[in-house]
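Take a look at the sequence and the structure below.

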Amino acid sequence: MGKKKKMTKTLMAATVAASVMAVSNPASAATYASAEKAVVKAEKLAGALKWEVSIEYRKTKYPNNLVGYPNMKMHNEVKVLLADARKQVAGLKGKEKEVLSARLDANVSTYLNRSVAYIDAVSSGLKIQKKYNELKAKAAKGEVDDQTEKLYHEVSWEIKKNAFMLDRVYGVTTRTEFRDYYKHSAEKQLKDLLYPVSIKMQIDRAEKALKVNNAEQAAQYLGNVEFLIKEAAKNGLKESNPLIKSSLTDLEKTEKEFSKHGTLYVADSKAADKPSVFGPASGSESSKSIYLYAGENEHIKLQNVSINGNLTVLGSPNGAGTVHLENVKVNKVNSKGGAIIVEDIAEHSLYMKGVEADSLVVNDANGSNLVADTGVKVKNLVVSEKAGAKGKVNLESKESGSFETVTIAAKGGEASEGIALKGNFSETAIEVTGENAALAIGEGTEVKEINIKAASQISVAKGAVVKEVKKDSSVKGEVEIDNKGTVEKADEGIEVGGNKPGEVTKPGEGTVTPPAGGGGSTPGIVVPVLEEVYVHLNTASPIHDDSNGVINLTGIQDSVKFTRVAIDTKGTASKFVLTSLKARGSDTDWVGKDIEYDISNDAHITTGELFGSLDSGNDGITLSNLRAVFANKDLILEGYLQSPTGGKKDVSFTIKFGPNTGTPATSFTNDYGTITKKGLDGNRHKVEVVINPSKSGVKLGAIQSNDKISFTKLIMSFAADSINFTPDEMSKNSGQLEDAIADRFLEGLLNDVTLGELVGKTFNTDDFIVEFK
């Protein structure tokens, strides 16, 4: 009660004050009366508008259009009345201005803002509904074709892009009605089509893989088809279902084309003692390349087969199975093939008996367990760089000579549990090339020799014997051995803890030797070494990275040009692959796909190669422009170096641009035109984009492909600089600009719109007006 009395007294005081002013200043009184009249008029219509966006009111007034647009004439009239009232109130002073402004905020702006959010939600919902209705019509006909797949993704994208607008509607019941009507029905349709569309996508991908002769990918996709058919059946969609039947239209044709490359065997048993068996019961048969596909908890066995090509082990989307190989020979043909390739396998893993192959390559990142029983003869077992990245790789040999060499290229990492050897490797040379690899020699294990070619940690269990450990002279990091067993001989520079080696020898030269065994074996894998990274500038000495991989350009004049990045690997790398470029403090990547740079001759990457046409010249990009585009925030580049022999090393470095040394740029020019910030236009920031006439035929999709950064994101990033926008706000406006352009050109995809088509058009986002000239 106290608060109400206090407010009443305040309003009375304001009224009295206004009366006194009216007596002493008739002109001011007339101005106040006019302003108050404008406020009352706006309040009255805004009160009516409030009900236009309430679902309870609409159930009575618009029962057949519950979540449609409100009275747009009323909405626009409220906007006009509010603007007029604001203008008149602005001419007042003191308490009069304060009281009337507060009334406009509470009784007009509030309801107008709710109406704006409601209208935005209807517009977004209709975008979802339009695509959903088209998709629903296809599903009703039982058609799963290219158009169905396209619509499926378009509905998914529209929900992802627009559904958040439904959540901005005021009122719990109104929001619920919007979600049910526009979002949930579309999501249910997507759920109903999940398996049919997914099956068709896998068949399509298999077809594309076969066109470029990538049989392994095709096998994976065709195996996924079998997996999805089984999963669909579990969810009530049998193969007789019209949608499933339609999705399988091209399967027979694709399988026939695949059969020219090899044979796919798919597991169907979950009984460990009764695996799905392929191959003759006795004797031996010849075959092209074979692909074994086993899902989670499934068991498969291949027996009595001589393969002229490769044998590849694959898993399903929900996990991988257990594989048995018995009396299997994998042969090279015309210097190709002869490999067993393990892409995905369960923890129980691969059991081999009577198996012969030129090589066995383990790529499974989740860990694996390989057991060589009797009669196994494999020249080289390679634990690749990605193997065991999120698990442990167990290698067991039950008799000597199973493997001539074992190459461990897997790197150590937080999620990796390392590589463990168990059994008889007394005739096997182990080569460690993975940076920070962790190798454990199990109890009772015998190893002929270990050649260390990268910093690593080795543990030797009690009862294990390692005859010799060698360290390559190129290894700069630590090599540590925790020895609880026996190491008969070790090179100088190897830190052996526990039991000391019987003999210490000088390390050999730092050359890369081929694995033992000859017969055309490939060279060992060399892991690249990152010596340093530095930035070249046009008027100053190069800026080198510090110990944390940071290149600090803070304080360097805006006019100085960034010309190139140099990566020094001392000749150990031939490629740098950029996998991620992050800026403006956002976790969102500015690059859509990996970008490969050749650094075999010189290790310089020009700004044109790195950023595309962000500047108009070929001699670099000014720090002023880079600070404008990236908002003075750090630029984080991540990727990996690759050596000619296939070794890889993950790298990451940060470029700190720092703030502008002079006045921030209001204009930015690149090959495509000039972007200029023009200041506020009402409550939005105006941006002018003058297109370079010579580039009018360039498509938006081509810009992103060539320059790595989307055109709309470039505009919004520059425009949002100095306005102190968050990364999310910048991304939101970028997305809204894309939507506005796409809506204007409904006949084609956004990526197909040319710069010339944008000239003369204006597009609005929540915070910007973008005008193209």
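Glu688 sits in strand β37, which covers residues 684-691. This model is predicted. Is Glu688 buried or exposed? Glu688 has a relative accessibility of 14%. Buried means under 20%, so Glu688 counts as buried.

The side chain of Glu688 has a polar partner. That partner is the side chain of Lys773, with which it makes a polar contact at 2.9 Å. Leaving out residues up to four places away in sequence, Glu688 touches Thr674, Ile675, Thr676, Lys678, Glu771 and Lys773.

## Thr405 in strand β14

Thr405 belongs to strand β14, residues 403-408. Its relative accessibility is 4%, so Thr405 counts as buried. The side chain of Thr405 makes a polar contact with the side chain of Asn380, at 2.4 Å.

Now set sequence beside space. Thr405 and Glu449 are 44 residues apart along the sequence. From C-alpha to C-alpha, Thr405 and Glu449 are 9.7 Å apart in space.

## A sheet of five strands

Next comes an open sheet. It has five strands, in the order β27-β34-β33-β29-β30, and the pairing is mixed. Which strands are the edge strands? They are β27 (550-552) and β30 (595-598), and each pairs on one side only. From one strand to the next, the twist averages 30°.

Follow β33 (residues 635-642) through its pairings. With β29 (residues 575-582), β33 pairs in the antiparallel sense over seven bridges. Two positions in this pairing can be named. Phe576 has Leu641 of β33 as its bridge partner. Lys575 stands opposite Gln642 of β33. With β34 (residues 648-656), β33 is also antiparallel, this time over eight bridges. Here Gln642 has Lys648 of β34 as its bridge partner.

How many residues of β33 are buried? Six of its eight residues are, which leaves β33 mostly covered. In a regular strand, side chains alternate between the two faces of the sheet.

The largest nonpolar core holds 60 residues. Which of them touch the most other members? Leu325 and Ile450 do. Strand β10 (residues 350-362) gives the most to this core, with six residues.

Look at Leu325 in detail. Not counting residues up to four places away in sequence, Leu325 touches Leu292, Leu302, Leu311, Ile340, Leu350, Tyr351, Met352, Lys353 and Val355.

A second core is separate and has 29 residues. Among its members are Leu553, Ala573, Leu623 and Ile655.

## How confident is the prediction?

The chain averages a pLDDT of 84. Of the residues, 85% score at least 70.

Where does the pLDDT fall below 50? Residues 1-24 form one such stretch. Beyond near neighbours in sequence, this stretch has ten contacts in the model. Residues 508-524 also have a pLDDT that stays under 50. For residues 508-524 the model has 32 contacts beyond four places in sequence.

Terms used. Residues are numbered from 1 along each chain as its sequence is written. This is a predicted model: local features need pLDDT of at least 70, side-chain atom pairs count only at pLDDT 80 or more; totals for chains, interfaces and linings use all residues. Side-chain values use heavy atoms; hydrogens and water are left out. Two strands pair if DSSP finds at least two bridges between them. Helices (H or I, at least four residues) and strands (E, at least two) are DSSP runs, numbered from the N terminus. Axes are lines fitted to C-alpha atoms, for helices over the stretch in contact, and angles run from 0 to 180 degrees between N-to-C directions. pLDDT is the predictor's confidence in each residue, from 0 to 100. Contact means heavy atoms within 4.5 Å. Buried means under 20% relative accessible area, exposed over 50%, partly exposed in between (1.4 Å probe, protein chains only). A nonpolar core is a set of buried Ala, Val, Leu, Ile, Met, Phe, Trp, Tyr and Cys residues joined through side-chain atoms within 4.5 Å. A polar contact is a pair of N or O atoms within 3.5 Å; within protein, one must be able to donate a hydrogen and the other to accept it, and residues adjacent in sequence count only if both atoms are side-chain atoms.
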